[in-house]
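Visitor: I have not seen this structure before. Please show me how to read its main features, one at a time.

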Amino acid sequence: MTLRVLYFARLRECFGMAEESIEFAGVSVADLIATLQARGGVWAEELAAGRAFRVAVNQDVVALDAAIPNAAEVAIFPPVTGG
Amino acid sequence: MKAGAMKVVVQSQPFDLGAEVAAISQQRTAIGAIASFVGLARDSNDGSGVTAMTLEHYPGMTEKALVTLVDEACARWTLLDVTVIHRVGRLLPGDPIVLVAVASSHRGEAFAACEFIMDALKTRAPFWKKEETPGGERWVDARVSDAEAAERWDGIE
């Protein structure tokens, strides 16, 4: 399935892109993170276990074991700092 | 809270606290209390000067997250109206960033709900601050104290 993946704030700058389309064969958020980590470099570094980042699926923050529905909008971003 | 008595806005332009409070109270004689909070851009953070900041957000999710926070506040307290305005874009020290105004019959619920919404907004609404300092630009890190402030509501009625 095809996912629209968005990046925000510091991660958008580190990855050098605001969004991309990804052909995804996995099931969960953890599978997607593993796919991105496999790119190596900043991807492996920023998305390593223990690093603080959040994942939203269709605009709701979810846990790593959450399933990703077909054609979902997934966003990966640092902990929020508004207000 | 009657339908429509909620205003949630993300905007780049400034807001006017007085005008927002007047809009809430206009012709609403059941309201006995309006508690409001305005957050401002500071000129320093983490030991260095801040000359400006830029607020980024996640359009779509931001509005949805803010409406969810207000809905949660309305479920916990009896509220007559809620306004939340959050600015995005480049702001200078002294500029207002965020406004939360809550109307209720009595002050207790208005104060509590206003603080709850701000605490929840700080940890759950997708905004990010990037500061301009004499040493260059830097993204602001999330604070443990903000997470603690949001979590304490879990055990409070």
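**Reading the two chains**

Guide: Start with the order of elements. Read along the sequence, chain A follows the pattern β-α-β-α-α-β-β-β, which comes to 3 helices and 5 strands. Keep in mind that this is a predicted model.

Visitor: How does the radius of gyration of chain A compare with the globule rule for 83 residues?

Guide: The radius of gyration of chain A is 12 Å, close to the 12 Å from the globule rule, so chain A is as compact as a globular protein of that length. Along the principal axes, its C-alpha atoms fill a box of roughly 30 × 30 × 25 Å. Of the 83 residues, 30% count as buried. Contacts can also be sorted by sequence separation: among those in chain A with a separation of 6 or more, 53% are between residues 24 or more positions apart.

Visitor: What is the order of elements in chain B from the N terminus on?

Guide: The elements of chain B run β-α-β-β-β-β-α-β-β-β-α-β-β-α, with 4 helices and 10 strands in total. The radius of gyration of chain B is 16 Å, close to the 15 Å that the globule rule gives for 157 residues, so chain B is also described as being as compact as a globular protein of its length. Its C-alpha trace spans about 50 × 35 × 30 Å along the principal axes. Buried residues make up 33% of chain B. Of its contacts between residues at least 6 apart in sequence, 78% join residues at least 24 apart.

**Where the chains meet**

Visitor: Which residues touch the most other members of the largest nonpolar core?

Guide: The general idea comes first. In soluble globular proteins, nonpolar side chains tend to be buried together. In this model the largest nonpolar core has 56 residues, and F8(A), V74(A), A75(A), V102(B), A113(B) and I117(B) touch the most other members. Helix 3 of chain B gives the most to this core, with 8 residues. Take A75(A) as a case: leaving out residues up to four places away in sequence, A75(A) touches L6(A), F8(A), A56(A), Y58(B) and M61(B).

Visitor: At what angle do helix 2 and helix 3 of chain B pack?

Guide: Look at the angle, the distance and the handedness in turn. Helix 2 (residues 61-76) and helix 3 (residues 107-124) of chain B pack at about 150°, with axes 10 Å apart, and their crossing is right-handed. Helix 2 of chain B brings A65(B), L66(B), L69(B), V70(B) and A73(B) to the contact, while helix 3 of chain B brings A113(B), F116(B), I117(B), A120(B), L121(B) and R124(B). By class, this contact has 10 nonpolar, no polar and 1 charged residues.

Visitor: Is T123(B) buried or exposed?

Guide: Count the neighbours. T123(B), in helix 3 of chain B, is buried because 20 other C-beta atoms lie within 10 Å, and 20 or more is the cut-off for that class. Leaving aside neighbours within four places in sequence, T123(B) is in contact with V80(A), D146(B), A147(B) and A150(B).

Visitor: What class does R138(B) fall into, with 16 other C-beta atoms within 10 Å?

Guide: R138(B) is partly exposed. R138(B) sits in strand 10 (residues 136-139) of chain B and touches E131(B) and T133(B), not counting residues up to four places away in sequence.

Visitor: Which residue of chain A has a positive phi although it is not a glycine?

Guide: Most residues other than glycine have a negative phi. Q59(A) has a positive phi of about 75°. Q59(A) lies in the loop between strand 3 (54-57) and strand 4 (60-62) of chain A and is partly exposed, with 19 other C-beta atoms within 10 Å. In chain B, Q27(B) has a positive phi of about 55°. Q27(B) is in the loop between helix 1 (17-25) and strand 2 (33-40) of chain B, and is exposed, with 5 other C-beta atoms within 10 Å.

Definitions and conventions
Residues are numbered from 1 along each chain as its sequence is written. Chains are lettered from A and ligands numbered from 1 in the order in which they are written. This is a predicted model: local features need pLDDT of at least 70, side-chain atom pairs count only at pLDDT 80 or more; totals for chains, interfaces and linings use all residues. Axes are lines fitted to C-alpha atoms, for helices over the stretch in contact, and angles run from 0 to 180 degrees between N-to-C directions. Helices (H or I, at least four residues) and strands (E, at least two) are DSSP runs, numbered from the N terminus. A crossing is left-handed if the near helix is turned anticlockwise from the far one by less than a right angle, and right-handed if clockwise. Two residues are in contact if their C-beta atoms, placed from the backbone, lie within 7 Å. Ala, Val, Leu, Ile, Met, Phe, Trp, Tyr, Cys and Pro count as nonpolar, Asp, Glu, Lys and Arg as charged, and the others, Gly among them, as polar. A residue is buried if 20 or more other C-beta atoms lie within 10 Å of its own, exposed if 12 or fewer, and partly exposed in between; C-beta atoms are placed from the backbone. A nonpolar core is a set of buried Ala, Val, Leu, Ile, Met, Phe, Trp, Tyr and Cys residues joined through C-beta atoms within 7 Å. The radius of gyration is taken over C-alpha atoms; the globule rule is 2.2 Å times the number of residues to the power 0.38.
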